[in-house]
Every structure is written in structure tokens, then in C-alpha cells.
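Welcome! Please take a moment to look it over before reading on.

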Amino acid sequence: MLQSDECAPSDREKVIILGGGPNRIGQGIEFDYCCVHACYALRAAGFETIMVNCNPETVSTDYDTADRLYFEPLTAEDVLEIVHAESHNGNLRGVIVQLGGQTPLGLARALEAEGVPILGTSPDAIDLAEDRERFQRLLNDLGLKQPPNGIARSAEEAETIAGGIGFPLVIRPSYVLGGRGMEIVHDMSGLKAYIGSAVRVSEGTPVLLDRYLKSAIEVDVDAVADGETVYVAGVMEHIEEAGIHSGDSACVLPPHSLTANIVDTLRAQTIALARALNVRGLMNVQFAVRKGEVYILEVNPRASRTVPFVAKATGVPVAKIAAQVMAGAPLSGLLAHTLAPTEANGSTHYAVKAPVFPFNRFPGVEPLLGPEMRSTGEVMGWDADLARAMAKAQIGAGQALPTGGTVFLSVRDEDKAALTPIARDLAAMGFALIATGGTARHLAGQGLSVARVNKVAEGQPHIVDAMINGDVALVINTTAKTAAAVADAHSLRRVALMHKIPYYTLLTAASAGVRAIGALRAGGITATPLQKVHAG
């Protein structure tokens, strides 16, 4: 279906922008944002813009966002027909595939094979970043680090690689978005179960295995490049530890705990990768920082779901700049006219992105987070004080944090030491502490006043009874990554959701939440329009 009077001849050069298709978890409105802003920028630059997208729910399909909208499926056959029609009625500069996520990116090779000009990063460079073996050779040439990893094309090969790398492993199919099908496995039986039920392993659909870096800090970096100049638009430190999908992890821009040397290293490696891949447009790099070492987890030479967050946080129209770069404009000239105060220029303000989850709409769904994306939205808190920015993000995400009451604590053995300072902060703010046996003994041994409460399996009255009775204001609960442990804690997490009790299943997130509670107790939470902030 064509939304326009006619595909009439035009004196302006045409640019076709491929959208992301229907919204789904892992690919949604963030890519629509990029496509829409590309339309705005390219129309202003004198191009005729043509959008191809089959999504009735988003702004990207408004008939007047682009000069012309094709409401058609994002398949090679349909897009080639549109290219053919547009090429016969004017000069087509090319097609942009970088802005709609994995769906249009997957069409790049087929379009290129038919002689369609692809604007921005070449399909070969995109494949270089996607192909694990080619990418590993590139990193070796650049002297950059990855976690120990391997690629398996059979179940037997996966087991051999796992034996050499060691557990735990992050395992996933290749060429996916939103972490679909990804899982962290902790032993050989878990690996066999994954291979047997989650994916089909073959020569055409290999499985990727990465050593899971425990207690690592994950970092997202967004950049724009034109083949020579590289602009690092944002460095975002995740609050959750590495292994949680980036779309589900809260993050802070600029980084709040990384050293200046580490941040400089992240920038330098991003610039090196952008130049090596000859990126023309947007690029996202996911890093892990562990014990002062920087590891590259993934590089995506395309728009990422963090682009709108970076643009709003910094005031720099990242997607608009990238679209003009893909159409041939030099990046240096664009930056000279569009740069606003950013974290790169020493901003003293923090932007915190928090995910929004749909768990309360799906009874029975397990709310534990992992490498497969589960959030369906995100919000941003912005403030000169990090704790207040975190509090604003939690409020925006619909998380009603308590300023008093009783906190339930129950963590696995390896988390007990890290729980102690969190518990101390809560006690200092006047919260009462209750905990299951092992956690209670540990905290009491650290000099904290804590009451013991039964687990569900230990009989009533137990912790779930207390939660149902309204006696618990906050839950901090981590479990061992085994099926039995997850099942034991399932009822606790479901009751927390049903009764809208804030709960944390990661201590990094719990620590951030406690800081936000402190900010709420101190008061002074105010709202300021971003337009006013960036105008200043």
C-alpha cells in the first residue's frame, strides 16, 4: 500500500529508509525514532525521503513524516519492487538499512547483489562485525581483547569448546536481535539442555559461546563515523552486571564509577573499531570491564536502542547527524554546527535510563533477568546528583520506592559480603531488616540488627505471608543460577509483583535503588524540561 497520491517524478534526489517492521521485544520504538529523525534531517538537507515500514502503531508510519510511505513487508522482494518503482521516477541516491534494527540489516546483502546502492556502512563491513570468525581476526589485528569464546556448528563441537573455555558460558544463536535465544549456562548438563531444546545447531546456524565474565561492569558506547572522523556520542555504564541484556539494564551517562583512564580506553577502542570497520553512520559497541581490563563483547555497525537516550541526555541529534553522514555529508562540518554541552565536554549532570517491564501483565512469567531481552519500554531520569537522577528514573518506571518500613533480604552465599554495605545503609535510614537463616546469620555477624524469617519451604508463618500481609516494603533477593533455586524463589517474586513491592534480584541494582531511596528521603526532587536544560 502506497501512502501518497502518486510516485511522481521529482527533481530532488531520493533516499529510501527501511524501518524495523512491527514492534516486538528487542526491536521497537527506538528504531522508529532513528528512522523518523533521519527523515527530518534528510528532508531538511533537500532529499526526497521514502519510508518503507509495516507498522501501524508508530510515528514512523504517519503519512507526512516522509515524503512517501510504503506500508509493505520488509522482505527483499518487496523492497526491490519499491526501489525499481522509485528509480524510474527520479534519481535514487540509495537505501539506508542501518536505522531499523536487525530486520533491514538482514536485507543489505540481497539488495547489494541486485545493484541497489546501500548508503552508509557497506554490507561487507556489517558482515565483518556479525561474523564471529572474521571479527575475531579483526580484533587480533587491532590488539583488542574478547572474553574466551568459540563458535560451534554441532552439539559435539559445542561441548568440546565449552570444555576448553570453561563455565559459566553465555551461549546464543548467531545473527539475532534482542538477545533472542541467549542463555547463561553453568555446567555441561545445562549446555546439553540448551542445545537440545533451545536452538538447532548446524553449519548455517552456528551457536556462539563466550566465557561469562563474573562481576564485570558492562558499558555501551554509541558513536557516529564517516570513515575518517569518529564522534563518540555517549559512554553508558550499566548498573546491572554484565550478562543482563543491555535493553533490560539500567545505565548511567556519563559513567559514575569507571576511572578516567578506563573511559579513555573505551573511547580509543571505539574509534579504532569504527575506522577498522570503515563505519559510515552509527555504531554501537558493548564492552565489559573487569579488574581494570577492557573486553569487547559485541559491535553493531547500525543504530542501537540507546540512540534516543543518548540524544535526549546530551542534546546532540545523533540520528540526524548519522543520516546526513550516510547521505555523504562530512561529519566534521555537522559536528561544528550541532554540538551541545555533553558528557564528552565535561557535563556535571547524570542521565539514568531505567527499563520498564511487563511482568505484572503476564501471570506465571518468571521475572529473573538474563541475556535475553524482556523489557518493553524505558524511561530517563536527569539530575546534577546521581542519586536523584536514579530516583527520578525509578519513579518514571513506575517503581514506588519506600522511604521507610521493613526490608526483606535473602542472597546466595557469594553475594553476602556485597550485601553488608547495602544493609548498613538501609539500617542507617531507619529501615527494619528481616532475612532468611543464612543471610540473617551473616548480617548479625556484621553487627546489624536483623530478624530471622522462614523460607516458604520451612513452614508458616513465612516470608510470603509477611509480604501478603503488607509487612514488607522492599525485597532484595538473589538466587543461585540453578533450576531448583529459581523455583524456590519464584513464589516470592510473583507475590512481590502482585502486591507492587519493589524487588531487586541483582545487588548492583539494589545498591542503586538504595541510593535512590536516600535521595527521596532527603527531598528536593524537582522536574526540569530537557529543552530548558539543553538551551542553557
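A residue counts as buried under 20% relative accessible area, as exposed over 50%, and as partly exposed in between. Arg134, with a relative accessible area of 23%, is therefore partly exposed. Keep in mind that this is a predicted model.

**The antiparallel sheet**

- Four strands make up an open sheet with antiparallel pairing, in the order β7-β10-β8-β9.
- The edges of this sheet are β7 and β9 (183-185); each has a single partner strand, so one side of each is left without a neighbour in the sheet.
- On average, and with direction ignored, neighbouring strands here are turned by 25° against each other.
- Strand β8 (residues 169-173) runs antiparallel to β9, and three bridges join the two.
- Within that pairing, Val170 has Ile184 in β9 as its bridge partner.
- Helix α6 packs on the sheet, where it touches β7, β8 and β10 (207-211), and its direction makes about 155° with that of β7.
- Helix α7 (residues 155-165) also packs on the sheet and touches β7, β8 and β10, with its direction at about 170° to that of β7.

**The parallel sheet**

- The pairing is parallel in an open sheet of five strands, ordered β20-β19-β18-β21-β22.
- Its edge strands, β20 (451-452) and β22 (503-504), each pair on one side only.
- Two bridges link β22 with strand β21 (residues 474-477) in the parallel sense.
- Opposite Ile476 stands Tyr504, which belongs to β22.
- Helix α14 (residues 416-428) packs on this sheet, touching β18 (406-410), β19 (432-435) and β21, and its direction makes about 170° with that of β21.

**Helix α15 and its buried side**

- Which residues of helix α15 (residues 437-445) are buried? They are Gly437, Thr439, Ala440 and Leu443.
- These residues lie on the same side of α15 because they cover an arc of only 165° around the axis.
- Their packing partners are β18, α14, β19 and β20.
- Arg441 and Gly445 are exposed, and they sit on the face of α15 turned away from its buried side.
- Just after α15 comes Gly447, which takes a positive phi of about 85°.

**Salt bridges**

- How many salt bridges does the structure hold? There are 18.
- One of them joins the side chains of Asp127 and Arg134, at 3.0 Å from N to O.
- Another brings together the side chains of Lys145 and Glu293, at 2.5 Å from N to O.
- This pair links distant parts of the chain, 148 residues apart: Lys145 is in the loop between α6 (132-142) and β7 (149-152), while Glu293 is in strand β15.
- Lys145 is partly exposed, with a relative accessible area of 36%, and Glu293 is partly exposed as well, at 34%.
- A further salt bridge connects the side chains of Lys353 and Glu378, at 3.8 Å from N to O.
- Since Lys353 lies in strand β16 (residues 350-356) and Glu378 in strand β17 (residues 377-383), the pair ties together parts that are 25 residues apart in sequence.
- Lys353 is buried, with a relative accessible area of 2%, whereas Glu378 is partly exposed, at 27%.
- Through shared partners, salt bridges also join Arg109, Glu112, Asp124, Asp127 and Arg134 into one network.

**A closer look at Thr306**

- Where is Thr306 found? This residue is in the loop between β15 (293-300) and α10 (307-314).
- Is Thr306 buried or exposed? With a relative accessible area of 4%, Thr306 is buried.
- The side chain of Thr306 makes a polar contact of 2.5 Å with the side chain of Asp222.
- Leaving aside residues up to four places away in sequence, Thr306 touches Asp222, Met236, Asn284 and Lys353.
- Lys353 in that list is the residue whose side chain meets that of Glu378 in a salt bridge.

How values were computed
Residues are numbered from 1 along each chain as its sequence is written. This is a predicted model: local features need pLDDT of at least 70, side-chain atom pairs count only at pLDDT 80 or more; totals for chains, interfaces and linings use all residues. Side-chain values use heavy atoms; hydrogens and water are left out. Buried means under 20% relative accessible area, exposed over 50%, partly exposed in between (1.4 Å probe, protein chains only). A polar contact is a pair of N or O atoms within 3.5 Å; within protein, one must be able to donate a hydrogen and the other to accept it, and residues adjacent in sequence count only if both atoms are side-chain atoms. Contact means heavy atoms within 4.5 Å. Two strands pair if DSSP finds at least two bridges between them. Axes are lines fitted to C-alpha atoms, for helices over the stretch in contact, and angles run from 0 to 180 degrees between N-to-C directions. The arc is that of the directions from the helix axis to the C-beta atoms. A salt bridge is a side-chain nitrogen of Lys or Arg within 4 Å of a carboxyl oxygen of Asp or Glu.
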